[in-house]
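Hi,

Here's the structure I promised to pass along.

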Amino acid sequence: MYRIRLHGRGGQGIKTASRILGTALFRSGFEVQDAPRYGAERRGAPIFAYVRADDKVICERGLIHQPNLVVVADETLFDLPAANVLEGLDGRAVLLINSERSAQDWCRQLQLPGQVTVLDGAAVVREAGRVPAGALCVGAAARLLGVVSRRALLQAVAEELAGHDAAAIQTSQQAVSQAYELFAGEAGLVQRLQSGAKKSVTTPPKWVELDCEALPRAAPTITMAATSALVKTGLWRTRRPRIDRALCSRCGLCRTLCPEGGIDLDGEGYPVIDYRYCKGCLLCAAQCPRRAIAVADERTVSPPQPKEGEP
Amino acid sequence: MTRILLTGNAAAAWGARLAAVDYVPAFPITPQTEIIETLAEWIDGGVLDSRLVTLESEHSMLTAAGAAAVTGVRVFSATSSQGLLYGMEMLYNLAGWRAPLVLVNVSRGLSAPITLEPDHNDVLAARDSGFLQLHCATCQEVLDNVLLAYRLAEDARVRLPVLVNLDGFYLSFTREPVAIPEPAAVADFLPPFSDCGLHFRGGQPSSQAVAVLGGGLYSYFRYQVHLAAEQAAAVYAEVAADFERRFGRSYPAVEAYRCKDAELVLVMIGSFATKAKAAIDGLCAAGQRVGLVRPRLLRPFPAAELRRLLGHRKGVAVIDQNLSPGRGGILHTELTAALYGLPQGGPLLVSFVGGLGGRDIAEEEFVQMVEVLRQAVQEGIAPPPRLLFTEEELQQVRRLQDIAHGRSEGKGEGEETS
Amino acid sequence: MSESGPSSHSHLAPGTPLCAGCGGLQALQQLYRVLGDKTVVVNAAGCMTLLSIYPFTPFAGSWLYTAMACAAAGAQGVRDALDIQLAKGRISSAEDLATVVLTGDGSAYGMGLSATSAALDRGLDFLYLCYDNEGYGNTGHQYSSATPRAAHTATSRVSGYAGSKKDLFAIWAAHRPSYVATAIAAEPQDLARKVKKAAALRGPRLLLVLAPCPTGWGFDPALTVKVGQLAVETGIWPLKEYVDGRAVHTKIPRQRTPLAEYLRLQGRFAHLFSPQPDEQRLAELQQAVEDYWQQVTE
């Protein structure tokens, strides 16, 4: 069985990507399962989808804990422990990263037992046109499996994008095809594992007896204030606004307009963006009357730094 | 203690009055309306220091009731039938909120076809919501159960909403002598409302009924409702014992009537159980060994008590005033589960469905059900479930169908009707 | 929470999972700055259900999630229970809370309208904030009765919504409550003024806030405010209030920006511009705006 997990962010077409791959495998004669995993997360938030393919009926369901291929459409996800990108990667698994950095670089950084390969999606996009990262990765992933023909793949793209205009479908097919070609040398890199190859002796679950507990703990109630501050939505951000104090007139408009409540004023009345929470919508930059807020790519700045005073 | 004639509805209102409820969200529906009318009159007249608000639906009524309970006041409400189902979404919610209110349901058959008279499908539809359920057979029990229900609901070990059920018409509009406890004695029995830390107050942040993601957390909270409901069985026994000590009336979770040496037992809930008692008295006088078992507490389900009372009988006839189409009687299903796998094998169970939509159950039918049960025990085989429905009733249906559609005899497709 | 700082009582804490650039959260944030934590927010099913996901809440005050149809009824129960406790001396006036209903348009214009209407009939002392993102946003933006004519939604993908946006302001005002206003977070001063005005009144007070939705309407989240400003400048979202029995416009766009400039920014109207402009429909939509303003300014 192939067990494939695709990671990305909301808005990168991860669900569509999993469906393209699912359809391509199905068209290639496999029994298939594909599904996105929804949470409360929105655009920019880490999400994932998964695909299983086998030559017989698939009885497994739900999350894939031991993948043989993990696709990471957004390299910034490695900085987010919550994204759980590396879960269950063992020596037999292949990790495909959408990145301009080299595979050797990533190997050094991640220190993984399995194989790492890299798709320079940005380069493909420069040549073929704007296509969601998820779809690009699927082109590469299909080739890594070695069991999906180009024709089946492109047909799957057309099927899954039905309803989009013809030009968009054609652009996607070109880009997906290009990604597919780039991995000709690594065709079949992903090992197909026997579906019954899981260990025959399982560890018994540690079931517990639940006690009837007292209120308010036994009710879905929160008696603390503002606990959402523990959720660092800054992890969703792919671009960050930066305030230039030299240009800022301290009008406070950005603070008023920030939907997150993520901008406060310092002692001198200058706005300070709390990057722990800023989701990177960038409406502050769009609205700043003095154009004092610039936008930088998140990958070119260091990972989110804790605000001063944070424990 | 005074004893006066009260309808079941008035008895329910008296229960709320004696419990000194703070808040009564209301919505009219037959046959419950008299309860809220009575309370409205008392509140208007200054007899009861409470607030009654009529909402625009039972869904809203239950929402307001639950919201008030988790804000910190004692809440009473009442509904029936379609109303209970219209508010069904909120029944589950209120249990999940752990809102300790009392809701009286006056049972009435469910539409379609729409009808006014009682059966138990409405209240049994609420069976899995997390509301506890107390079922009444007399008007006295209605009043007393409301008081018991508040003690149970507000007990820190339980803290769940409680539904008190009485049958439409047979109790709701029927007057019987009811002893009204002294308010001071009730105040002693029922301590002031305690919010168990669930409330809304300035300066005390509280987010209630918060969403969860993930099955583990959902399982935990939903199972806590179950554990609290199970724990309510012991609390009920304690509360009922305290009630008996103070007021002299005994309300075990399961009533056992003439069961001491009974070989055959009828099982049913609600007011028709007293009709069964009358029939049993006659049978016992003729030398038969027949008894009645009536669960008052249906949630939590008194399975252990039912096993104790029924496990060693020869035969048990379950009379369901409800119908789960495609399955049959709901109590029969529940009782079968409770009595399955007993070491001694357990009694033979026979299922009867009767009293749907207020259809009476005549004394000779009780006698006949016992007879069917006796034969089944002799033969060792339970007959198929039986609907209590007579030839005469079918003839009546036919007569009405003939009016509705024209006479059926000799009339084929396309023929003129006269 | 120590890390949310001293001002945490007057704004919603960050960390909620709502979409980046949410015009509804933006409005709620501005409202909370005025009302603060002496509130209990009673919520109906919608995008904002996700504000509080156990164990995380952005509220320094209180919150009760009800169901889609009945937030106004929940507010009734909370308000009554607080009043009863105040009257019976069980809580002090310092422990009292303002009751705020929070729903999206799906609830406000549809399933929750009956409960709201009845709360208005009863003169319930509460403030209602509807974040109107013109569709069932939380389920993927299917059309609701707040959806504007011609908009693409998940259930009107081919030629756009065939109905027209319902006039909820007029429906609410017909109940003659203490206060009704339309607003938008892109006009923060107007919004804050209206919230303050509403907060100072008693009885039913309702705010209908257009909530530009990057996800459902199809625009870059950086444009949330721009889209909102254009809604006002084109005249398609009139800013007005109903008070003392009269509806008054609080901002009259006399030099109205052509509606197409508002529509063009949004993916849900892309079919009106591409492959070629649908001049007839654009003219119809523009005419509806003209008719409105002609009627109200005459």
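This is a predicted model: local features need pLDDT of at least 70, side-chain atom pairs count only at pLDDT 80 or more; totals for chains, interfaces and linings use all residues.

The angle behind that is about 65 degrees, between helix α10 (residues 272-285) of chain B and helix α13 (residues 363-379) of chain B, with the axes 9 Å apart. As for handedness, α10(B) passes α13(B) in a right-handed crossing.

Which residues make the contact? From α10(B) you have B:Phe272, B:Lys275, B:Ala276, B:Ala278, B:Ala279 and B:Leu283, and they meet B:Glu363, B:Phe366, B:Val367 and B:Val370 of α13(B). Sorted by class, the contact of α10(B) with α13(B) has 8 nonpolar residues, 2 charged ones and no polar ones.

Now the sheets. One is an open sheet of 6 strands in chain B, with mixed pairing and the order β10-β12-β11-β14-β15-β16. Its edges are β10 (254-257) and β16 (386-387) of chain B; each has a single partner strand, so one side of each is left without a neighbour in the sheet. Helix α12 (residues 330-339) of chain B packs on this sheet and touches β11, β14 and β15 of chain B, its direction making about 145 degrees with that of β14(B).

Inside that sheet, strand β14 (residues 315-320) of chain B runs parallel to strand β15 (residues 348-353) of chain B, and 6 bridges join them. Opposite B:Val316 you'll find B:Leu349 in β15(B).

Strand β11 (residues 264-267) of chain B is worth a look too. In a regular strand, side chains alternate between the two faces of the sheet. Here B:Leu264 and B:Leu266 point one way while B:Val265 and B:Val267 point the other, and all are buried. With strand β12 (residues 290-295) of chain B, β11(B) runs parallel, joined by 4 bridges; B:Val265 has B:Gly291 as its bridge partner in β12(B).

There is also an open sheet of 5 strands in chain B, again with mixed pairing, in the order β4-β5-β7-β6-β13. At its edges are β4 (76-79) and β13 (297-299) of chain B, each pairing on one side only. Ignoring direction, neighbouring strands of this sheet are turned by 25 degrees against each other on average. Strand β6 (residues 132-135) of chain B and strand β7 (residues 162-167) of chain B run parallel, with 4 bridges between them, and B:Gln133 sits opposite B:Leu163 in β7(B).

Cheers

Note on methods: Residues are numbered from 1 along each chain as its sequence is written. Chains are lettered from A and ligands numbered from 1 in the order in which they are written. Side-chain values use heavy atoms; hydrogens and water are left out. Axes are lines fitted to C-alpha atoms, for helices over the stretch in contact, and angles run from 0 to 180 degrees between N-to-C directions. Helices (H or I, at least four residues) and strands (E, at least two) are DSSP runs, numbered from the N terminus. A crossing is left-handed if the near helix is turned anticlockwise from the far one by less than a right angle, and right-handed if clockwise. Contact means heavy atoms within 4.5 Å. Ala, Val, Leu, Ile, Met, Phe, Trp, Tyr, Cys and Pro count as nonpolar, Asp, Glu, Lys and Arg as charged, and the others, Gly among them, as polar. Buried means under 20% relative accessible area, exposed over 50%, partly exposed in between (1.4 Å probe, protein chains only). Two strands pair if DSSP finds at least two bridges between them.
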